Amino acid sequence: MSDTREELLDMFLRLLAERGYDDVSLGDVGAAASLGMAELYRLYPDKLALVQAFMARIDGEVLAGTPASLDPEETVRDRLFDMLMRRFDALKPHRMALTSIRRAGRRDPMMALVLGPGLMRSMAAMLEAAGVSGRGLPGAIRQNALLAIYAAVSRVFDRDESADLSKTMAALDSRLKTAERWAQTIDKYTDFRRDRVVSPAP
């Protein structure tokens with residue numbers, strides 16, 4: 001992302017935190033950055049493009065901290081915990097702007113169309129980075145499960161004022177442990193059914 005695009009995005013996030021999404025126009029962002037509308041429109045044609053850029057920035061920060069190769073000593077739960085906590089750490093400085101975007105998403109169908117698929121892409125990327133396939137029907141189920149965990153823990157994160165996000169960490173750890181137990185139970189049931197199908201009749 002160019003320096004100008006980064007500057008515009010930073011300005012947008014600052015204005016969101018100060019005024020709220022509905023009270024910030026594209027022109028406000030350009031004026032705050034001393035940029036004409038023609039150049040601004042070329043970089044970001046509307047506020048939704050800025051929201052998408054914000055989501056992409058957070059995804060990039062999360063994935064940038066992912067090792068190039070998986071540690072065989074780590075479990076999938078460990079990897080997902082690390083990635084989701086990196087996400088919350090990246091979001092922490094922008095908590096007010098994030099709240100503004102979420103509120104707008106509950107009122108604006110167009111915003112919801114941006115946030116929903118964007119978050120699903122984020123979940124798919126984190127699953128792949130953790131060594132778990134996000135493809136096909138099983139992948140879609142995993143993406144939705146991870147999104148449900150993220151949404152639940154986000155409510156704790158919104159109220160967590162601790163410097164180290166300790167409450168968020170505890171909530172995330174608990175949710176991931178529960179999900180891991182369910183996944184293990186489903187895997188055992190699936191293996192049992194598969195054995196019953198392929199075993200020869202007595």
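**Helix checks, a crossing and salt bridges**

User: Helix α5 has 16 residues, what should they span at 1.5 Å a residue, and how far apart are the end C-alpha atoms?

Analyst: Helix α5 (residues 76-91) should span 22 Å, and its end C-alpha atoms lie 23 Å apart, which agrees. The expected span is 1.5 Å times one less than the number of residues. Helices here are DSSP runs of H or I with at least four residues, strands are E runs of at least two, and both are numbered from the N terminus.

User: What sort of model is this, and how are residues numbered?

Analyst: It is a predicted model, in which local features need pLDDT of at least 70, side-chain atom pairs count only at pLDDT 80 or more, and totals for chains, interfaces and linings use all residues. Residues are numbered from 1 along each chain as its sequence is written, and side-chain values use heavy atoms, with hydrogens and water left out.

User: Back to α5, which of its residues are buried?

Analyst: R79, L80, F81, M83, L84, M85, R87, F88, A90 and L91. Buried means under 20% relative accessible area, exposed over 50%, and partly exposed in between, with a 1.4 Å probe and protein chains only.

User: Switching topic, at what angle do α7 and α8 cross?

Analyst: The axes of α7 (residues 109-129) and α8 (residues 136-159) cross at roughly 105° and come within 9 Å. The two helices are therefore roughly perpendicular to each other. That label covers 65 to 115 degrees; under 35 is roughly parallel, over 145 roughly antiparallel, and the rest oblique. Axes are lines fitted to C-alpha atoms, for helices over the stretch in contact, with angles from 0 to 180 degrees between N-to-C directions.

User: Which residues make the contact?

Analyst: From α7, L119, M120, M123, A124, M126 and L127; from α8, G139, R142, Q143, N144, L146, L147 and Y150. Contact means heavy atoms within 4.5 Å. The set divides into nine nonpolar, three polar and one charged. Nonpolar covers Ala, Val, Leu, Ile, Met, Phe, Trp, Tyr, Cys and Pro; charged covers Asp, Glu, Lys and Arg; the others, Gly among them, are polar.

User: How many salt bridges in the whole structure?

Analyst: The search finds 13. A salt bridge is a side-chain nitrogen of Lys or Arg within 4 Å of a carboxyl oxygen of Asp or Glu.

User: What does R107 pair with?

Analyst: R107 pairs with D22, the closest N and O atoms being 2.5 Å apart. R107 is in α6 (residues 95-107) and D22 in the loop between α1 (3-19) and α2 (26-32), so the bridge ties together parts 85 residues apart in sequence. R107 is exposed at 52% relative accessibility, and D22 is exposed at 51%.

User: And R77, which partner does it meet?

Analyst: R77 meets E180 in a salt bridge of 2.9 Å, N to O. R77 sits in α5 and E180 in α9 (residues 166-198), so parts 103 residues apart in sequence are tied together. R77 is partly exposed at 21%, and E180 is partly exposed at 24%.

User: Where do K177 and D173 lie?

Analyst: Both lie in α9, four residues apart, about one turn of the helix. Bridges that share partners join R77, D173, K177 and E180 into one network. The closest N and O atoms of K177 and D173 are 3.1 Å apart.

User: Last one, is L16 buried or exposed?

Analyst: Buried, at 1% relative accessibility. L16 is in α1 and touches Y21, V24, A97, S100 and I101, leaving out residues up to four places away in sequence.
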